Amino acid sequence: MTETDIPDIDIPEWSSALSLGNAEIDAEHREFLARLGHVARLISQGERLQIKDAIRAMTAVLKGHFATEENFFNRVGYPQATAHLVDHVTLMNLALEIEKVIDGSEDFSTPRLALAHFAQSVIDHLTESDMAYRPYLVEAEGVEASEVG
Ligand SMILES: [Fe+2]
Ligand SMILES: [Fe+2]
C-alpha cells in the first residue's frame with residue numbers, strides 16, 4: 001500500500017440539502033460533519049495526539065447523536081428502527097477502529113484508509129438511512145405543534 005492508493009478524503013460541510021427539517025437533529029449532523037472534517041484535516045497533517053483527541057471528540061458527538069435518533073425511533077415506533085440501529089453500531093465500530101489503528105501506523109496510511117471508509121459509510125447513512133425517517137420527524141413535529149397549539 002502506498003500513499004497514492006489512499007483516496008483523498010473530501011468531507012462536505014452540512015448544507016440545507018441534508019436537512020431533516022428538525023433543528024436539533026440538523027445541528028447534531030452539522031456538528032458531526034464539522035468534527036469529521038477536522039479529523040480529516042489533522043490526519044493529513046499527521047499530528048498523532050491531536051488526531052486522537054479529535055477522533056474521540058467526533059466519536060462522542062456521534063454517540064450522543066445516535067442516542068437522539070434512537071430515542072426518537074422509540075418514541076414514534078419507527079418501523080425501520082432495527083435496521084437503522086444496526087447501521088449505527090457498524091458506524092460506531094468503524095469510528096473506533098480509526099483510533100485503534102493510529103498508534104500502529106507510522107505514516108497514517110492505515111488510519112487514513114479507515115477514515116475514508118468511515119466517511120463514505122457515514123455520508124451514505126446521512127443521505128439514505130437518515131433521510132428515510134424524515135417523514136416521521138415531520139409528522140411528529142406536526143402532532144406536537146398541534147398538541148401545544
Ligand atoms: Fe443521523
Ligand atoms: Fe442515523
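What is the handedness of the crossing of H1 and H4? The structure examined here is a predicted model, in which local features require a pLDDT of at least 70 and side-chain atom pairs count only at pLDDT 80 or more, whereas totals for chains, interfaces and linings use all residues. Residues are numbered from 1 along each chain as its sequence is written, and chains are lettered from A and ligands numbered from 1 in the order in which they are written.

The protein chain contains five helices and zero strands, helices being DSSP runs of H or I with at least four residues and strands runs of E with at least two, numbered from the N terminus. Its C-alpha atoms occupy a box of roughly 60 × 25 × 25 Å along the principal axes. The mean pLDDT (the predictor's confidence in each residue, from 0 to 100) is 92, and 94% of the residues score at least 70.

Of the 149 residues, 18% count as buried, a residue being buried if 20 or more other C-beta atoms, placed from the backbone, lie within 10 Å of its own, exposed if 12 or fewer do, and partly exposed in between. Contacts are assigned where the C-beta atoms of two residues, placed from the backbone, lie within 7 Å; of those with a separation of 6 or more, 66% join residues 24 or more positions apart.

Helix H1 (residues 23-45) comprises 23 residues and reaches 33 Å from its first C-alpha to its last, close to the 33 Å expected at 1.5 Å a residue, where the expected span is 1.5 Å times one less than the number of residues. Its buried residues, among them Glu28, Phe32 and Leu33, pack against helix H2 (48-76) and helix H4 (109-132). H1 is followed by glycine 46, whose phi is positive, near 75°. In H2, glutamine 50 is partly exposed, with 15 other C-beta atoms within 10 Å, and its C-alpha atom is separated by 8.7 Å from that of valine 39.

The axes of H1 and H4 come within 11 Å and cross at roughly 160°, the axes being lines fitted to C-alpha atoms over the stretch in contact and the angles running from 0 to 180 degrees between N-to-C directions. The two helices are therefore roughly antiparallel, a term applied to angles over 145 degrees. The crossing of H1 and H4 is left-handed, that is, the near helix is turned anticlockwise from the far one by less than a right angle. At this pairing, His29, Leu36, Val39, Ala40 and Ile43 in H1 meet Pro111, Arg112, Leu115, Ala119 and Leu126 in H4.

How values were computed. Parallel < 35°, antiparallel > 145°, perpendicular 65-115°, else oblique.
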